[in-house]
Amino acid sequence: MKDLFRYVPGRSVIHRMNPVTKLLLTVVICVAAFITGNIFVLLGLLAADLAIGFIAGVPGKTLNILKGLMKIAIFLFVLQTLLYRDGTPLFWIITDKGLLTAATVVLRLVVVCMPLTLVLAVTRVSDLANALVQVLHVPYKYAFTVTTAIRFIPQFLEEMSDIMEAQTARGVAFDKARGLRKLGMILPLCAPLLITSVRRTELTAVAVEVRGFALRTPASGYRRYPFGLIDAAAMIVCAGMIVAAVMIR
Amino acid sequence: MIELEKVSFSYAAQGPTVSDLSFQIEQGEFVAILGANGAGKTTTVKLIDGLIRPTSGRVMIHGSDTAKTPVSQRARQVGFLFQNPDRQICKNTVREEILFGLSAVRGDEPEERRTARAEEVLADFGFTGDEEPFALSRGQRQRVALASILAVEPEVLILDEPTTGLDYRECCHIMDRIRRMNRERKVTVVMVCHDMEVVLDYADRALVMACGRLLGDGPVREIFRDRMLMETASILPPQMIGLAQRLGLDGGDTPEAMADVLAARAKGGEEQ
């Protein structure tokens with residue numbers, strides 16, 4: 001889980017894309033998924049998600065994300081199917097519309113959750129921050145805040161895993177408990193995680209301050225992020241996805 | 001007794017982290033595992049506690065295979081003090097923290113007995129019990145973590161760099177307490193430590209590792225005197241050993257022996 005957000009270096013088309021284009025691609029997939037209610041368009045968007053992962057050369061990570069989402073998806077699917085009463089009954093309390101709505105909700109969830117994780121796996125967080133400042137003129141302070149929050153996710157996951165390991169070693173039965181019982185055991189550990197996180201955040205704040213954070217201007221970054229042919233092609237794909245979502249609802 | 005038989009382990013997508021480790025540690029021994037960063041020391045102690053399982057070979061504690069028992073179930077037998085105490089501490093007061101460890105491991109005992117044990121440990125470590133652990137200094141937090149482990153009276157104590165980031169006084173507090181447990185209750189201590197002075201002062205036996213392999217195993221002083229072993233493992237021996245070797249006093253590197261040899265030399269010089 002903690003490796004999901006780690007940057008995977010490479011020279012793929014997705015790697016070479018402008019970070020802003022990648023972000024746009026993510027946003028467009030999410031917006032298209034919310035505009036359309038058509039299951040085939042959603043399947044197309046899911047195919048687009050998978051294509052991004054495979055073209056970027058991270059098929060393992062793509063399938064891992066899908067596998068992780070499947071657990072939530074199955075739970076949501078069952079819940080939706082059982083609670084939806086409208087439509088023709090197929091068997092027991094399950095209706096045709098219930099099945100279709102559940103499939104749509106679940107597909108939408110999967111489609112929306114995948115692209116950002118994939119894009120972050122093939123984009124350096126520093127590139128994302130710099131591109132946001134240079135191309136979209138986002139104030140550096142905000143870009144840094146967002147990208148630092150993203151950077152902290154794997155660190156927090158690692159920290160949580162270490163805390164759970166330490167607690168297991170002192171007798172807390174994480175290695176035997178499952179489901180809600182395990183969740184109940186995790187809750188008291190939020191205190192050490194929170195305290196460690198606040199300490200880490202404070203240290204990071206001091207570290208960036210002493211390195212002249214306040215002096216930074218948009219011109220401070222030496223890397224440039226021009227748009228190229230790949231970005232143009234990606235934008236055409238984005239437009240196509242939005243049009244398809246609007247046309248086939 | 002701890003026994004490792006041809007144990008190898010590798011993390012996913014990496015080469016072997018430790019390979020073909022075989023050694024035994026008897027009850028009541030104080031063993032230090034030495035080596036440079038990345039030598040496989042922490043992996044070895046995690047293998048001993050069963051926090052990670054060997055890819056081949058087996059680890060036995062008192063005749064039971066660690067791969068077959070959950071780690072949490074072994075916590076009464078094996079205590080593990082991590083380098084960072086903040087991973088272990090999760091309660092609002094020191095008393096609650098010690099009781100939390102006791103409840104996890106000795107939940108089957110009457111509450112009064114656990115409370116009495118907690119009070120005993122609090123008094124032993126000089127805490128009132130009402131202190132907020134996260135408001136204490138790093139060294140004091142390490143003592144809280146140690147107190148909560150020792151409260152359950154484990155037979156084996158594993159220490160992963162217990163003195164890192166501590167000043168000399170705090171270091172002595174922690175290590176003296178551990179030595180007392182080792183001497184008085186015959187608790188087996190396995191310690192990973194980068195401070196060679198601490199190793200020389202407290203450990204009886206040293207295991208030297210490099211690149212995931214065991215290079216040396218023997219009494220601490222003998223290990224430190226082996227220059228080739230120290231160089232191969234990229235370890236700088238304690239100053240006392242280095243000084244004795246420079247003075248040509250190999251074999252006489254305890255403070256008393258050094259004093260004897262130097263006194264004898266001085267006497268010889270006077271006579272001449």
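This is a predicted model: local features need pLDDT of at least 70, side-chain atom pairs count only at pLDDT 80 or more; totals for chains, interfaces and linings use all residues.

Trainee: In which crossing, left-handed or right-handed, does helix 3 of chain B pass helix 4 of chain B?

Mentor: Residues are numbered from 1 along each chain as its sequence is written, while chains are lettered from A and ligands numbered from 1 in the order in which they are written. Helices (H or I, at least four residues) and strands (E, at least two) are DSSP runs, numbered from the N terminus. A crossing is left-handed if the near helix is turned anticlockwise from the far one by less than a right angle, and right-handed if clockwise. Here, helix 3 of chain B passes helix 4 of chain B in a right-handed crossing.

Trainee: At what angle do helix 3 and helix 4 of chain B pack?

Mentor: Axes are lines fitted to C-alpha atoms, for helices over the stretch in contact, and angles run from 0 to 180 degrees between N-to-C directions. Helix 3 (residues 94-106) and helix 4 (residues 111-125) of chain B pack at about 130 degrees, with axes 9 Å apart. Helix 3 of chain B is therefore oblique to helix 4 of chain B (under 35 degrees is roughly parallel, over 145 roughly antiparallel, 65 to 115 roughly perpendicular, and the rest oblique).

Trainee: Which residues make the contact, including those of helix 4 of chain B?

Mentor: Two residues are in contact if their C-beta atoms, placed from the backbone, lie within 7 Å. Helix 3 of chain B contributes residues including Ile98(B), Leu99(B) and Leu102(B), and helix 4 of chain B residues including Ala118(B) and Val121(B).

Trainee: Is Glu111(B) buried or exposed?

Mentor: A residue is buried if 20 or more other C-beta atoms lie within 10 Å of its own, exposed if 12 or fewer, and partly exposed in between. Glu111(B), in helix 4 of chain B, counts as exposed because it has 11 C-beta neighbours inside 10 Å. The C-alpha atoms of Glu111(B) and Leu99(B) are separated by 9.5 Å.

Trainee: How many residues of chain A are in contact with chain B?

Mentor: 19 residues of chain A are in contact with 20 residues of chain B. Helix 7 of chain A gives the most to the chain A side, with 6 residues.

Trainee: Into which domains is chain A divided?

Mentor: Domain bounds come from an automatic or database domain assignment. Chain A is divided into domain 1 (2-123 + 226-247) and domain 2 (138-216). Their C-alpha centres lie 27 Å apart, and the contact takes 4 residues from domain 1 and 6 residues from domain 2 of chain A.
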